[in-house]
Amino acid sequence: MSDRTGTIYTETVIYSSTEAFAADVPYQTAIVALDSGGRVTGRIISDHGERVRIDDRVSRVEVRDGVPFFRKIP
Amino acid sequence: MRPVAVIGIGKTPFGAFGDRDLRSLAVEGGEKCLANGRHAPGQVDAFFLGNFAGPSFAGQNHLAPYVSTALGIHGVPATRVEAACASSGSAFFHAYNGVASGVYDSVLVVGVEKMTCQPTPRVTEILAGAGDCAGEIKAGSTFASLFAMIARRHMHQFGTTREHLAAVAVKNHANGALNPDAQMRKVITMEQAMNGKPIADPLNLYDCSLISDGAAAVLLAPAERAQEFTDKPVRVLGIAQASDFVALDQKPDITTFPAVRLASAKAYQMAGVGPADIQLAELHDCFTIAEIIAIEDLGFAARGEGGPFTLAGHTARTGSKPINTSGGLKSKGHPVGATGVAQICDLVLQMRCEAGARQVPRHSLALAQNLGGSGATCVVTILGTV
């Protein structure tokens with residue numbers, strides 16, 4: 001089972017952030033239940049306005065500074 | 001273990017006080033409390049300070065003796081307790097144990113936070129320090145966003161709605177409007193609460209507690225000596241603290257707080273009462289969803305029923321189970337480190353029939369629930385008038 005793919009357990013879109021993330025607002029974070037087991041908090045890539053919801057399938061496209069970035073699997 | 005009583009309470013108003021620093025707030029709360037409990041500073045055997053982030057907000061460490069000496073309390077153990085938003089609830093728990101065990105006869109607990117000295121993005125960053133900084137916070141989470149994810153999941157599993165969340169805010173503002181010490185004495189409508197500025201979907205501005213300055217203090221003594229210091233002692237009938245994961249993504253189910261369930265089960269057992277017996281409560285409504293889940297975890301309503309229970313009016317001042325008659329963290333204010341002790345002060349006011357316009361008729365058995373972070377610490381206290 002892959003640790004690159006998983007299912008959205010919960011998510012939110014953040015409009016008010018710390019200074020470090022102010023340039024990214026609004027951005028979506030989610031807790032992803034990995035197919036390989038366990039959960040991880042990551043960012044959702046939404047360069048085409050994608051938004052994930054609970055039970056959507058996602059795949060990890062990159063890891064930046066230890067933070068996994070997921071994209072919705074169409 | 002011997003019975004313990006709250007013999008004195010003292011609070012500053014909560015708000016944004018540009019001319020006040022952490023120490024002056026803590027001293028005001030402490031002095032009011034000592035006067036209320038007919039104590040001179042020299043009679044205090046031990047001092048506990050609940051404070052979350054004084055070093056980050058104000059650049060000051062070593063806060064317990066910094067405050068205690070300013071109160072004229074010298075030589076005795078002075079200890080700071082940090083447990084995020086449950087800092088002073090935890091300080092109260094440790095103070096209780098000190099008196100119950102017979103080690104101390106008179107313990108002063110002060111909770112304090114000075115937050116408005118920093119701009120909101122920096123406050124958000126400091127508060128995020130109560131989460132898992134190597135994981136969820138690094139990914140961009142704020143505390144509002146963690147509770148937003150909890151709300152989203154609760155909605156998904158139980159059908160909780162935006163209206164249920166808004167009902168918590170409307171009710172707590174209605175109570176806070178009657179509290180002269182509340183930060184935001186403003187009644188809000190359902191429409192306002194439903195349509196606030198988005199903070200972290202599905203939570204908006206009206207779902208979030210306030211950024212506040214303030215202090216609160218209580219004085220504890222053995223119950224057998226309480227009458228020497230007050231005409232209206234309030235007994236600590238049950239108290240427990242419990243812990244859980246700091247990171248939200250490590251919890252098997254984020255729609256319930258196991259630490260709240262553990263602490264309340266112990267506190268109920270110790271007090272020999274159950275949820276149905278509790279007549280009023282101060283719950284940790286850092287976000288509206290947190291009050292709904294607390295209602296469920298404390299057994300006031302079944303799982304998934306916290307929202308409908310609130311919307312039906314049961315938790316209003318006039319309802320069967322008044323919750324947050326002080327206005328809660330939402331309207332009264334949430335100076336993080338002061339909140340746990342402030343909850344005790346607000347319940348004692350009700351139990352002494354000193355709550356003014358927000359006084360409720362049934363007030364002999366009350367419960368306080370103080371939550372740290374996204375549920376990693378919980379302190380539950382049950383108070384009774386005997």
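## A walk through two contacts

Start with chain B: the centres of its domain 1 and domain 2, taken over C-alpha atoms, are separated by 22 Å. This is a predicted model, where local features need pLDDT of at least 70, side-chain atom pairs count only at pLDDT 80 or more, and totals for chains, interfaces and linings use all residues. Residues are numbered from 1 along each chain as its sequence is written, and chains are lettered from A and ligands numbered from 1 in the order in which they are written.

**Stop one: inside chain B.** Select 4-119 + 212-234 for domain 1, then 130-207 + 236-384 for domain 2; the bounds come from an automatic or database domain assignment. Their contact takes 36 residues from domain 1 of chain B and 34 residues from domain 2 of chain B (in contact: C-beta atoms, placed from the backbone, within 7 Å).

Now colour the elements on the domain 1 side: strand 1 (4-11), helix 4 (87-100), strand 4 (107-114) and strand 7 (213-222) of chain B each give two or more residues. Helix 4 of chain B has the largest share, with 7 residues. Helices (H or I, at least four residues) and strands (E, at least two) are DSSP runs, numbered from the N terminus.

**Stop two: chain A against chain B.** Here 25 residues of chain A meet 26 residues of chain B. On the chain A side, pick strand 1 (5-14), strand 2 (27-34) and strand 3 (39-44), each supplying at least two residues. Strand 1 of chain A brings the largest share, 6 residues.

Methods
Contact = placed C-beta atoms within 7 Å.
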